[in-house]
Amino acid sequence: MMLPVKKFTHFIEQNNLFTSTDKVLAAVSGGMDSVLIVHLLKAAGYNFGIAHCNFQLRGDESTADQEFCKQLAMQAGVPFHTIKFDTQQYAADQKISIQMAARDLRYQWFEQVRQCNDYSVIALAHHQNDTIETILLNLTRGTGIAGLHGILPQNGHLVRPLLFLNRDEIQNLIVKNNLAYVEDSSNASTKYARNKIRHEVIPKLKELNPNLENTFENNLRHFRDMEILLETKLAELKEELFIENDDDIYLSLSAIKKLNPIRLLLFKLLQEYGFNETTIDDVIASLDKHSGRVFEAADYKLILDRDNIILTKKETGQQENALINQDSHTLNYGNYKLTILHDDSPLIIKDNPMAIAVDTDLLMYPLTMRTWQQSDVFYPLGMKTRKKLSDFFINQKVPLHTKSQVPLLINGNGDIIWIGGYRLDERYKVNKNTKKVTIFELIRI
């Protein structure tokens, strides 16, 4: 048998796909590509088993394929794993296409077999033409640079040791070595997008460039290098631009405006948080406008603040009001723990915005801990006139998204006693007539 065993093992070693001591699970449909991978693994002396999925989509043909793969495993003297799927029912239940259903089912099952039988990797029979088809599909549907690198030799536990061969080379090896295989009749149908590209688009491209596979292989190397370059640049930008502030991330507006190309870099920086290109376009268009705009993804939102873009996780819901009784000593509220201490001496607390001392005789229980409301007013410490809480937040440059998280201590008569972490109300300060104080302290948890 004349097989390219040296090229096969060289490609495996060059790409660190697996070693001679690893146990390999070969995904085998029975077609030319997967049959060749079985014979190459056997000829190279690797320890492997065969996994075959019967999707029950082609009646007797599916059953015949399953039996063929079983006989192939027996001839190779390797373990055989197989399963039958109700693919149509799964597709209907998940509301996805038959192709996507088959993909989900097989990869989930391959991984189960790998884990349960101590296989190191799952070997798939993709070759160079599969990569070309994938790139053309991605370009047709819309893609970034990641969609241009094609099918990688390794992705986690999935390895593709046939990527050194194209379809014509595989077919020649099958014919020359008289290797038996089965033909999936659905591969000839052009109702699937990939098959349409395979049978109608690529032949036309090969008329323009008979060395299409080699040209694409060279292009892939360039695309992969560019992807690495972009990832390196993004890592550097994250280190430079992402400033963590409690649970939020601050990105300087002036630094964002200097990004070039801004659309690509800002999108790639924020893509992992669920923001799409349309939202990024809206963000860029708003950079020189008034602050306050909010841009939302599924789990995160971007807030255009005065000097920063603030990336914050969406709140799960409005914080409920919490009551504080006279005998209370602690209270957990949102991201804070409130401690309460009573003292007989008229203690005044200075230079600690997270703690206050209040004249005990002015307190009317039960007190309430809540967040701000649009109509809230109070008398800031040191002032004799009242001020809207919304104006106070603006003067204090409280970020828009954190206003709703600031805890307020409310007296039984409805007065605001304390803007937690910011300012005591003038009416509740300790004075010369104070006999007892109650100390409230907030601790972030």
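Strands β10 and β11 form a hairpin in which three residues lie between them; strands here are DSSP runs of E with at least two residues, helices are runs of H or I with at least four, and both are numbered from the N terminus. The model is predicted, so local features need pLDDT of at least 70 and side-chain atom pairs count only at pLDDT 80 or more, while totals for chains, interfaces and linings use all residues. Residues are numbered from 1 along each chain as its sequence is written, and side-chain values use heavy atoms, with hydrogens and water left out.

- β10 and β11 run antiparallel and are paired over five bridges; two strands count as paired if DSSP finds at least two bridges between them.
- Within this pairing, Ile 303 has Ile 310 in β11 as its bridge partner.
- β9 (residues 294-296) is also antiparallel to β10, joined to it by three bridges, and a hairpin of three residues connects β9 to β10.
- Phe 295 stands opposite Leu 302 in β10.
- Strand β10 (residues 300-304) is largely enclosed by the rest of the structure, because four of its five residues are buried. Buried means under 20% relative accessible area, exposed means over 50%, and partly exposed lies in between (1.4 Å probe, protein chains only).

**The six-stranded sheet**

- Six strands make an open sheet with mixed pairing, in the order β3-β2-β1-β4-β6-β5.
- β3 (80-84) and β5 (154-155) stand at the edges with a single partner strand each, so one side of each has no neighbour in the sheet.
- β4 (residues 121-123) and β6 (residues 158-159) are parallel and pair over two bridges; Ala 123 stands opposite Val 159 in β6.
- Helix α2 (residues 32-44) packs on the sheet and touches β1 (23-27), β2 (47-54) and β4, its direction making about 165° with that of β2. Contact means heavy atoms within 4.5 Å; axes are lines fitted to C-alpha atoms, for helices over the stretch in contact, and angles run from 0 to 180 degrees between N-to-C directions.
- Helix α5 (residues 98-116) also packs on the sheet, touching β1, β2, β3, β4 and β6, and its direction makes about 145° with that of β2.

**Salt bridges**

- The count comes to 21 salt bridges, each being a side-chain nitrogen of Lys or Arg within 4 Å of a carboxyl oxygen of Asp or Glu.
- Arg 58 and Asp 65 form one, with their closest N and O atoms 2.6 Å apart. Arg 58 is partly exposed at 25% relative accessible area, whereas Asp 65 is buried at 6%.
- Arg 427 and Asp 415 meet in a salt bridge of 3.5 Å, N to O. This pair links distant parts of the chain, twelve residues apart: Arg 427 lies in the loop between β21 (423-424) and β22 (437-444), and Asp 415 in the loop between β19 (408-410) and β20 (416-419).
- In the salt bridge of Glu 426 with Lys 429, the closest N and O atoms are 2.8 Å apart. Glu 426 is buried at 10% relative accessibility, and Lys 429 is partly exposed at 30%.
- A network of salt bridges links Glu 133, Arg 167, Arg 194 and Arg 198.
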